[in-house]
Amino acid sequence: MNTNLYEKGDSPLIFPQFENEASMTESEICVKCTGCCRYVTVDLVKPRTKEKIQLYTWYLLHKNVQIYIDNEGDWNLLFITPCTELQSNGMCGIYETRPKICKEYSPKSCSRTGKDHTHLFMTPTAMLEYLEEEKKKKKPAKKKSK
Ligand code: SF4
Ligand code: SF4
């Protein structure tokens, strides 16, 4: 695996593909991918005020910080930064005592295959365009004058 994929300072979190994926088990793919051990997320509220939008814009101006909307419609702040316990062989250095969130994570909501989110914003522009589109959808259509 090319680990440099994860090390570009301003790159998105890129998940690798493997030629022989079809013949690999979920665990084998996870040990080679390690994508789940390379970020943290924090809950956000959907931005409904100018102040919040300004705040989220500021977040997105930073390298390795992104925002995504998950499958439940909840907003999340994403920091692309590897766990210090991730070993070079793809294994967890504290497997037995790893945090609950790591134990409970299921490959069924794998980020690599994009199953965990509906929208991902890497830049303020991307988020602002999305919010603008949402606003347009909510505006009632003007009645046509006779
Ligand atoms: S669940 Fe998906 S993103 Fe996470 S380590 Fe496994 S393959 Fe990678
Ligand atoms: S504690 Fe282990 S399983 Fe959890 S993110 Fe770190 S390396 Fe991955």
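By class, how many nonpolar, polar and charged residues does the lining of the second largest pocket have?

Analyst: The lining of the second largest pocket has four nonpolar, no polar and seven charged residues; here Ala, Val, Leu, Ile, Met, Phe, Trp, Tyr, Cys and Pro count as nonpolar, Asp, Glu, Lys and Arg as charged, and the others, Gly among them, as polar. The model is a predicted one, in which local features need pLDDT of at least 70 and side-chain atom pairs count only at pLDDT 80 or more, while totals for chains, interfaces and linings use all residues. Residues are numbered from 1 along each chain as its sequence is written, chains are lettered from A and ligands numbered from 1 in the order in which they are written, and side-chain values use heavy atoms, with hydrogens and water left out.

A pocket is defined on a 1 Å grid over the protein atoms alone, as an open set of points where a 1.4 Å probe fits, with protein on both sides within 12 Å along at least five of seven lines; its lining residues have an atom within 4 Å of a point. The volume of the second largest pocket is about 300 Å³, a volume being the space filled by probe spheres set on the points, which are joined across faces, edges and corners. Its lining consists of Lys 46, Pro 47, Arg 48, Lys 50, Ile 53, Leu 128, Leu 131, Glu 132, Glu 134, Lys 135 and Lys 138. Two elements, α2 (50-60) and α4 (124-138), each give two or more residues to this lining; helices (H or I, at least four residues) and strands (E, at least two) are DSSP runs numbered from the N terminus. With six residues, α4 gives the most.

Leaving aside neighbours within four places in sequence, Tyr 56 is in contact (heavy atoms within 4.5 Å) with Leu 44, Val 45, Pro 47, Ile 67, Trp 75 and Met 127. Pro 47, one of these partners, is also among the lining residues of the second largest pocket. Between Tyr 56 and Leu 77, which stand 21 residues apart along the chain, the C-alpha separation is 8.9 Å. Thr 57 is likewise found in α2, and its relative accessible area of 15% is why it is classed as buried. With the same exclusion of sequence neighbours, Thr 57 is in contact with Pro 124, Met 127 and Leu 128, and Leu 128 belongs to the lining described above.

The largest pocket has a volume of about 1,500 Å³. It is lined by 48 residues, and those closest to its centre are Cys 36, Cys 37, Ile 101, Cys 102 and Tyr 105. Its lining has 23 nonpolar, twelve polar and 13 charged residues. At least two residues come from each of α1 (26-33), β1 (39-44), β2 (65-70) and α3 (100-104), and α1 supplies the largest share, six residues.

The shell of ligand 1 (residues with a heavy atom within 4 Å) has eight nonpolar, three polar and one charged residues, including Phe 15, Cys 30, Thr 34, Tyr 105 and Arg 112. Around ligand 2 are Cys 37, Cys 83, Glu 85, Leu 86, Cys 92, Ile 94, Pro 99 and Cys 102; by class, this shell has seven nonpolar, no polar and one charged residues.

Thr 34, in the shell of ligand 1, is placed in the loop between α1 and β1. Although not a glycine, Thr 34 has a positive phi of about 60 degrees, and it counts as buried at 5% relative accessibility. Asn 64, in the loop between α2 and β2, has a positive phi of about 65 degrees, also without being a glycine; at 26% relative accessibility, Asn 64 counts as partly exposed.

Of its 146 residues, 29% count as buried. Among contacts between residues at least 6 apart in sequence, 65% join residues at least 24 apart.

Note on methods
Buried means under 20% relative accessible area, exposed over 50%, partly exposed in between (1.4 Å probe, protein chains only).
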